[in-house]
Amino acid sequence: MAATHFSLPLLLLLRFVLVVESGIGVNWGSLSTHRLPPPIVVDLLRENKIEKVKLFDSDPDALRALMGSGIQVMIGIPNEMLGVLSASAAAADLFVSQNVSRYLIKGGADIRYIAVGNEPFLTSYQGQFQSLVLPAMANVQQSLVKANLASYVKLVVPCNADAYESSLPSQGTFRPELTQIMTQLLSFLNSNGAPFVVNIYPFLSLYGNTEFPQDYAFFDGSSHPVTDGQNIYYNAFDGNYDTLVAALNKIGYGQMPIVIGEVGWPTDGATSANLSAARAFNQGLISHVLSNKGTPLRPGVPPADIYLFSLFDEGQKSVLPGNFERHWGIFSFDGQAKYPLNLGLGSGGLRNAREVRYLPPRWCVANPSKNLDGVSNHMKLACSVADCTTLSYGGSCNEIGEKGNISYAFNSYYQLQKQDPRSCDFDGLGMVTFLDPSVGDCRFLVGVNDIKSSSSCLSRGIFGGIWVTIVWVLVYLRVLNTS
């Protein structure tokens, strides 16, 4: 049967609904070492009445699971694909055909946004993607026009908060080298009815600066407020947000709608990353946004939407910024709520994932009858593949002792290998136990029994960027050969 696309009047009506609604969404990443099947994830979203989700790619398994769910979706174009899409209109046509049109059908996935790149103007990229963003957007926009989807699907560019700077919110400006491209980007967004998307992380301000007042990172008031003329800021989120508002004002887009693409607090991997802090921040944020108080520079106008980072922990994320990078989830890898949280969506507290299929309840630990003097290389091997970040300073497993550390590393590797008996050998230093070795807050995990997703998640985590690049080089060559 031929795909039935939305009619233009219906698209315009639904677009109007998008403009007037705001809400709480989540980021759904795919860099987990133990990945839940997408249908279980979508059921989890629906059980918690989460109606907006942001992906970092256009994973077909996730999009198929989202079909018919009624959940609004933002898909992502990885930075590695910007070069191909900026250079070839045909590649953009192919992207829209394969990743948007095929799902945006009756009973399909409700794709509302395409994120063109992910923080492509980040300072650490040293301008690597800067010249590619607008040409890629132009080509994808034309592809959406040709597919009769441009009035419904909007292009956005999630920006890191380092795109703007100031000592006081009212003096906010975009970085000098970004002023021209930001003016062009905002003109594009404005002409197409799209918001400005920014990622704001007060946690990183606290983590990276020992002088940063801890209470200023949260929403319960601060003993170190920031005074900016007649405005007083009692939390870092409002101060950061208004710095962006001021920067937008300075280049003529003071009324541009703002969406928070990522915001959250990790629960492990650093001294300030723990369950109580994460709960306090996320609950404070949600209550603050849903109160509709806005900020001093935008009173009564909160962000159009916010997307919490993140839905799950992701054990294959890079730890270059810090070990906390793998612990942003409001749910653990297996869809179990880490702490009580009311999303303000009518579901009360968080509800756990249903019908999760675990591996058998067994663990790999250090053999107590063996001399463990030569274990260091085995630990390095295990932790180079599996996630051992909770063992780090400030982590939930930091104080379980040397043998506990060894057992934790062994078990993390063993579970990642689907409890293959050979993966608990470690030259005879490991042994399988049926007694849960978890200690206090330190949880020794049991993996999720999903062969397809578990076997693919490691390649996604380690080789994801390379794979994306290879695929799109091949696409580009195909386009050149047929044009």
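The structure is a predicted model, in which local features need pLDDT of at least 70 and side-chain atom pairs count only at pLDDT 80 or more, while totals for chains, interfaces and linings use all residues. Residues are numbered from 1 along each chain as its sequence is written, and side-chain values use heavy atoms, with hydrogens and water left out. Helices (H or I, at least four residues) and strands (E, at least two) are DSSP runs, numbered from the N terminus.

**The sheet**

- Nine strands form an open sheet with parallel pairing, in the order E5-E4-E3-E2-E1-E15-E12-E9-E6.
- Strand E5 (154–156) and strand E6 (159–160) stand at the edges with a single partner strand each, so one side of each has no neighbour in the sheet.
- Two strands count as paired if DSSP finds at least two bridges between them.
- Strands of a sheet pair through backbone hydrogen bonds, either parallel or antiparallel.

**Strand E2 and its partners**

- Strand E2 (residues 52–55) is joined to E1 by three bridges, and the two run parallel; Asn27 has Lys54 of E2 as its bridge partner.
- Three bridges also join E2 to strand E3 (residues 72–77), again in parallel, and the bridge partner of Val53 in E3 is Val73.
- Both faces of E2 are covered: Lys52 and Lys54 on one side, and Val53 and Leu55 on the other, are all buried (under 20% relative accessible area; exposed is over 50% and partly exposed in between, with a 1.4 Å probe and protein chains only).

**Helices beside the strands**

- E1, helix H2 (residues 38–47) and E2 make a right-handed β-α-β unit, as do E2, helix H3 (residues 60–66) and E3.
- A crossover is right-handed if, with the strands pointing away from the viewer, the path from the first strand over the helix to the second runs clockwise.
- Helix H10 (residues 275–290) lies across strand E1 (23–28), E12 and strand E15 (305–308), at about 170° to E15.
- Such angles run from 0 to 180 degrees between N-to-C directions, with axes fitted to C-alpha atoms, for helices over the stretch in contact.

**Strand E9 and Ile200**

- Four bridges join strand E9 (residues 196–199) to strand E12 (residues 258–263), and the two run parallel; Val197 has Val259 of E12 as its bridge partner.
- Ile200 sits in the loop between E9 and helix H8 (202–207), and Ile200 is buried, with a relative accessible area of 0%.
- Not counting residues up to four places away in sequence, Ile200 touches Tyr164, Phe237, Asn240, Tyr241, Ile260, Glu262 and Val263 (contact means heavy atoms within 4.5 Å).
- The C-alpha atoms of Ile200 and Tyr241 are separated by 7.8 Å, although the two residues are 41 residues apart along the chain.
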